[in-house]
Structure formats: structure tokens, C-alpha cells
Number of protein chains: 2
Amino acid sequence: MRLIAVGGSDAGISAALRARELDPTAEVTVVLADEYPNFSICGIPYYVSGEVGHWRNLAHRTLDDLCDAGLDVRVNTRAVGIDVSGRRLLVDAPDGRSELPYDALVVGTGAVPVRPPVTGLDALGPTDGVHLLHTIGDTLALTADLDSHRPSRALIVGAGYVGLEMAEGLTARGIDVVQVEALPEVLPTVDPTLGAVVREELTRHGVEVHTATTVTEVTASDGPTRLSVHATGANGQARWDVDLVLVVVGVRPDTELLVAAGATTGPRGAVSVERDMSTGLPGVWAAGDCVTTHHRLLGLTYLPLGTTAHKQGRVAGENALGGSAVYPGSLGTQVVKVFDLVIARTGLRDSEAAEAGFAPATVQSTGDDHKAYYPGAKPVTIRVIGDTATGRLLGAQLVGTLGAEIAKRVDVYATALTHEMRVADVDGLDLSYTPPLGSPWDVVQTATMAWVREHDLDRQRAALTSRRTE
Amino acid sequence: MRLIAVGGSDAGISAALRARELDPTAEVTVVLADEYPNFSICGIPYYVSGEVGHWRNLAHRTLDDLCDAGLDVRVNTRAVGIDVSGRRLLVDAPDGRSELPYDALVVGTGAVPVRPPVTGLDALGPTDGVHLLHTIGDTLALTADLDSHRPSRALIVGAGYVGLEMAEGLTARGIDVVQVEALPEVLPTVDPTLGAVVREELTRHGVEVHTATTVTEVTASDGPTRLSVHATGANGQARWDVDLVLVVVGVRPDTELLVAAGATTGPRGAVSVERDMSTGLPGVWAAGDCVTTHHRLLGLTYLPLGTTAHKQGRVAGENALGGSAVYPGSLGTQVVKVFDLVIARTGLRDSEAAEAGFAPATVQSTGDDHKAYYPGAKPVTIRVIGDTATGRLLGAQLVGTLGAEIAKRVDVYATALTHEMRVADVDGLDLSYTPPLGSPWDVVQTATMAWVREHDLDRQRAALTSRRTE
């Protein structure tokens, strides 16, 4: 059994490792276009900030680890074509073009950063101080630029997860940061009321934040700074002179290889896959940021996340060997640290839920992370989204300070969503309690109880009255 | 509708508040034997330690809060009899004995501390330096003794949750602590391998720990210290001269009132209740530490916990009004902080699972609380218990340092257990990830994956082979 995984990031490596775990006799080859297999892309902001000492530390596993697991890892090897019927992968490697025969292929080509339609952007690159950030190569170009030019002021286009982490990372390096977001609030993946809390945190740490503002042009400057950035917003035109521009406005699936081989595409142009990660092409599976994702509440969607890529890769690796695994589905669970704040979400927001046909309502409440009498209690604000028609839990968004265990509290909601719990049943969960770390009803539960009081108490009262008069 | 709740702690107050929430016209009276309604008993160690400034801060709600919620709270009022058929509660109050008529009664008399069979113990009390610790009254007697006698050395009988918290609390006050536990390891509610980690933490902080050692006699001393404590253990006889003895070896249900009224009892002598918290006595419900508890995996048991008392009280309050609520069940989820360690458990241990008819196996693994490349990563050790016959998750035990989000990670397992997940399905949960706070597979998931590798991988491999040869 010869399995080839295309791509050395989360999906490809997970597939390859799962295949070897299930069948130690399988010949498993991983081909990757660059020389950085199994790196933690999510860790890049912490290398740029200086918190991670060496970029090699960002590797989930070293090349030696992968070889020890029985993988034949071929770096600097770009997959350029798939002969589906002949089961051969065409690759360009340093020693030339060749064809690799396979019995099963798992494609994890990932995503590429989106280049927004900004005048002048395409003509500028790392040597001009303009950076995109997705690969270790991008990262090394950025840090080399930071080290050599020592910019005092940078502008970040985008205020999503990576944009916010990079605002913190550049600030940590002593760089003044201007952050420009086209949407009305930062971190547009959560409700604006929580985004506003994040914006305050950015501002408190000296980041100059401009929302509802669209960057229109970037030009090389002959003045004291390298670049000029032009934008339009509610207050008209704006211009900033900066030494560095970082563009982080999201990614799009890298589907070229699969589409050329005949694969079909779905939401956001990602390659359509079934929940077994099959592509419809015989012998070809795909996983990760290049494919569509099954969302437990929305069905087919595109939601590129490392956690998802790991899970999908594992399913693809098992099925490529003849297995019958099924990707269980995403809930879009995400968490981000921004300076001293942690913000998390899982499931749907009100607007997403309404589009999906639910009758959602959101209730926001705030409680302490642990009993207030024990020193150091911190407020946790939670927005619970539930379906008013059925009482079903649809989602949750949380914000609190670092140390308030936000990341694992969102995981309790994610687990509850997995099992399609009703909002009113969350308070029945037997969660842990000790005064330094929680409350008899954890704030996870007081938040759902607040939702129930607002949207289910009248029904509960009516039911009680009805029983009494029977 | 006249509802009386007996007991001013978690169960009684929860019942009373829930009744008022559902029916704001209900006349709800709470009678309690002492003058401390709605206090957080779990917070006592943190008041003794000095971390909580005033004992009044330990109140979940003040008397004013309770009155504002519409409760008629009668302190120093001891319920001494129930006229079940006449629906009257007999009480002794400062103004004498009286009968209170009711339509429904919720009894939450709680538990009383166990006095172990130690020679001399019964003759000694707080004025001699011998303390039990369960009520605010006990607490004030202890702190008064600490303030007036300023003991330099104390002996704690018992090393369960409260015993460990008190070892930390007394150490924080500068008192040398000797801790004596009859069982072979401290914190006997988790497996001894994790108990040993806790013992090391105690020792590291100067606590002198003796396990498998039974205290046999306590005597008032006329020497330089107030008390002498005698014990027998593996190494023969032992004796310690100390200024203070604290006996915290667990509780037993306070059932006198209900048993006298005709209620039946179950495990550990607790009053038998149905899952609707009915006692079998017409018009009488009961909840909290005085009653049996429905355990999701074990069925009827006795498991006195504040979290359970709150939930049962709420069910009792609703049903006393004519509702149809059902207590959803306990998993015995517990967490404790011991100095810089946090230890948690949920579900069953191997031995409990075997007794309950499962075919359990436990796999221990250790992983980081977040990506190792991000500063401050701390190891988390997890023991996953699963049923080898069905693959069902049965329990988990976790230990890690404070800040490693142990308390909320156990809650993820508790939520998974609630939904009877298979061990092999936990890695499919869409949990949150950001490098400073987790990993693409959270340690919660790498722990279940370790169990699967040991107990399910052979089956997975065989299934794959079978599919391939079909």
C-alpha cells in the first residue's frame, strides 16, 4: 500500500501519521513545496513577537520525528499534477520533474493568503516592507525585515485573529501599530459588543485602531518612512506614513492541483469533499484548508482552522487505507488571546443562526470566574445564543482576562453543542467547583440560566400553572 | 401556596429561590437552626487562611438579598418535628416552640461532621483546642482559638478535600501542620498515583504527612503544648504534641427530622429520595447533603457536594410547587486546589467501575497545557478510565499546576460523560485552540487518544484489514 500525502502541514501530516498508526506496513510519502514540514502556523505571531526563541521551535514535530514515525518526507517538492486514472503524482523537485505512483492520495495543499484589491499592493513585496503572513518563509522574510530595518511604525491591514495577534506581537517588539479594519468592529467573528471590548484592549496597549476603514492604496515613499498607506472611512480620507505594512485579511483555499485533476468546488471555492474526505476522484482524498468543512449546525461550509485540518487529515489517512471514518463536524470553535484578554466562540452567532433557519436569541450576562470572596476574581462576559423555537443551544461567545479559563469554558459549550443540548439543560451539567476556580453554578451555567430566565421562564411558569389546575 | 424550606444552606435556599422564581405569589419561608443563611461552606478554609477578609464575605447572598427575593428567613429556628398528615412544621425559635403550617415542605438539613472513634475525642472541644469544621459557628470557634492561642503546631486528622485545604490554610497562617490519614494515600478520592503527587506538594510546603496511620487517642496535655495525639501506623506507634487538633474526616447525613417523620433511608443512611426529590412522605421533598443522590453511572449513592445540593434544591423547589422537574444526576465531579496544584476528577475510578459491572481500564498520560514553544507551558497528567467492553468513557482524573485550566478541562470530560461518549469520540470534539492556551489536540484529547491506542487500536487495525479483504 503506497500512500502519498501532498502538503506538510496539519492535514497532510495527520493523514500520514494516522495511516502509519493503522498500518505500519504502509509506505507513506509526504511531499511538500517548502522545507518546513509540520510547522505550527498558529505560532507565527509568537515568534515574530520574540516570545518563541527560534523559529524551529514552532515545529509540532521535527523532520527526525517524522522519519522515526516511518514517513518518507520530501521537502522542496511541489505537486504539479495528478494522473487520477494512472494513480501517479507529478512533482517538481530539486532534482527535476518526476512521477510518483500511489495507491491512495491525500491532498492537503492548504490555503493562501488573500491579497485585497489595494492599488499598488501587488507591485510591493517584503523588500519594500510589505508582507503577507502565512508560511514560515513569509515569517522569516518579515523577521529579517524587522531586524534589518527596525521599523518604528507599522500598519496592519485586517483585525481578525491573526491581525490582532500580530498587533500584540509588533507592539511587544516596541513598534507603534496602526490597525485598519474594513468592517465596523475588530474581530468580526464575534458580536460587535465583544469586539468593542477587544478594541478597548488594543487601544489600552497603544494600538491605533481604525474600523469601517478600507485601505485603498499603498505606495513606496521617498520620505522618512518607506511606505504611505491611503484609506477611506466614515471620516473621509486618511493617510499613514509607516515603515512596514502587514496584510492579514484571511485566506482562500489552494485548490489548483485538485481542480486541475477534475475535483469540484463548493463554498468559497474550496474543493468539495464528503464527510469521509473523499473528493469524488477515485483514490483521492483531501483535507484541511483546501476543502469544504461539514459544520454541525450549518452543513457544508468553508472554515479553515488548524484543529479541523488535524481531524480531517486523520479521517482522510484512515479512509485512504480503506477505512470508514467520518469527520464528525466543526462548530467553528475558536479562541484568541489579545494582550491580557481572551475571547472565544463556538457554534453560531445570532445572524448566522437566523440565516440557517433558526429563531435565535442572544442573552449576554457577566459573572465572576470564581467566587468573589476568594482573591483575584475576574469578570467573564458570556453571550449565549439559543433557539427560541426549540430551546436548543446554538452558540456561545466569551470574553475575559487571561487566567479566567475562557478557552476551556468555551470547550464546555462546544461539547454541549456537539450533543445538541437545550439551553435549559446546561445548568444540569455536573461541573467542578472549588472557590478559587469556580462557583457552585459555574459562570458557564449562570449564563445559560440568564438566557432561560429571559426566553423560557414564562413557558415554565405556564407549564406549572397548567399542571396545578389539571 | 405556602412553602417552607428547612435549612439555610445550598439546598434550602436554592429550593426557596426557585419557588419564588416560578411563582412570585408563593409564600416562601426558610427556617434555619443557626444565624448564617446561604453561606459558602466550601469557602471556610480560605477564611481560616486569611485570604477572605471577613467571614460575612463567605455569604453567597446576604440576608437582605434573600428578603429582596421575597423569602421570609427565620434564623435561630430549629425544625424539631414534622406533622406530615397535618402539614405542619414544629420549630423551636428564640420566642419558643410553635407550629408552622405549610402546603409543601423542602427539607435540606444537610450533613454533620463525622467524629471518628478516637479515645478522648468526645471529651474535648474547641476550648481545649480540638475542632471539627462544618459550620460558620465551627469556623468562628476555630479562628477565635487561632487568634487567642496562636498555636505553632497543629494536627489535622484526615486528608480529603477539606483536610488538604485546611493544611494549606493553616500553613498560610504560619502554623506547622502534621496531617494524618488512615488510608494509604492522601486525597483518597483519586487514584494513589495522583494522590502521591498531592502528597509531594504538601511535603514541599512543609506539611508533615503520615498516611496509613490511624489516630487512636487525643489527650489534653499538661506539657508545653495543649494536646497529645497518639496513632498507630505501619511503623508502629506514633505521638505528636500539638497546640491544635482539627478533625475533618467527612460528613454523614443529618436525617433525624425526616426519619422521625417516617422517611426511609438508603446508602450511607441518607434519606431515600426519587429523582424528583420526593421523599415518599406526602407534601415533603428533600435535597442536598441529607439525601441520596442519583449518580449517572452508579445509580443510587450518597455524594454530598455543594454543586449537587444547589441542583437538587432547585428541583425540589419546583416540584414542591407542583412541577415535574427531575434531578439529572451527579458524576461526582470535584476539584481541589492544594497549594500550587489543582486536582480534579469526574465519573468513576477503575475500582468503582469494576464494582458497577463495567470492564474498566485506566491509561495515564501527560501533555502540556499549551504549545510548548509558547512560554510557561505546564504539564497536565490525565488518567482516562474507559470500558474495554464498549469503549465508553467512564471517568477522568487530572492533576496540574494552578493556571493549567484543570478545573474547566475536567468539565469537558463531565459534559462528555453526561452524553455517554465513547473514549474514541472525544478526539472528534471541536475544542478551542490558540498556542498560549492549548494545542490543536487539547491535552483532554491526547489523553483519550492514548487510551484508544492502548485499548482500541488493535480492534481498529483488525476492522481495517477486514474491510480491505472483503
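Student: How many salt bridges are there between chain A and chain B?
Tutor: Four. Keep in mind that this is a predicted model.

Student: Which side chains meet in a salt bridge at 3.1 Å, N to O?
Tutor: Those of A:R468 and B:D23.

Student: And how many residue pairs are in polar contact between chain A and chain B?
Tutor: The count is 40, with both residues of each pair at pLDDT 80 or more.

Student: Which elements of chain A give two or more residues to the side that touches chain B?
Tutor: They are α1 (10–22), α8 (306–320), β21 (334–338), α10 (406–418), α11 (443–455) and α12 (457–468). The largest share comes from α10(A), with 10 residues.

Student: How do the residues on that side of chain A divide into nonpolar, polar and charged?
Tutor: There are 34 nonpolar, 23 polar and 21 charged residues on the side of chain A that touches chain B.

Student: How many residues does the contact take from each chain?
Tutor: It takes 78 residues from chain A and 78 residues from chain B.

Student: What area is buried between chain A and chain B?
Tutor: About 6,800 Å², and carbon and sulfur atoms give 59% of that. A:Y373, A:K408 and A:D430 supply 12% of the area that chain A buries against chain B, which is more than any other three residues supply.

Student: What rotation superposes chain A on chain B?
Tutor: A rotation of 180 degrees, with 0.0 Å of shift along its axis and an RMSD of 0.0 Å. The two copies are therefore related as by a two-fold rotation axis. The same surface serves both copies, since 100% of the contact residues of chain A recur in chain B.

Student: Changing topic, which domains does the assignment give for chain A?
Tutor: Domain 1 (2–111 + 251–320), domain 2 (126–247) and domain 3 (340–460).

Student: How many residues are in contact between domain 1 and domain 3 of chain A?
Tutor: Four residues of domain 1 of chain A are in contact with nine residues of domain 3 of chain A.

Student: How far apart do the C-alpha centres of domain 1 and domain 3 of chain A lie?
Tutor: They lie 35 Å apart.

Definitions and conventions:
Residues numbered from 1 in each chain as written. Chains lettered and ligands numbered in written order. Predicted model: local features only at pLDDT ≥ 70, side-chain atom pairs only at ≥ 80, totals over all residues. Heavy atoms only, no water. Domains from an automatic or database assignment. Contact = heavy atoms within 4.5 Å. Least-squares fit on C-alpha atoms with pLDDT ≥ 70 in both. Buried area = accessible area lost by both parts, 1.4 Å probe. Polar contact = N/O pair within 3.5 Å; in protein donor to acceptor, adjacent residues only side chain to side chain. Helix = DSSP H or I, 4+ residues; strand = E, 2+ residues; numbered from the N terminus. Nonpolar A, V, L, I, M, F, W, Y, C, P; charged D, E, K, R; others polar.
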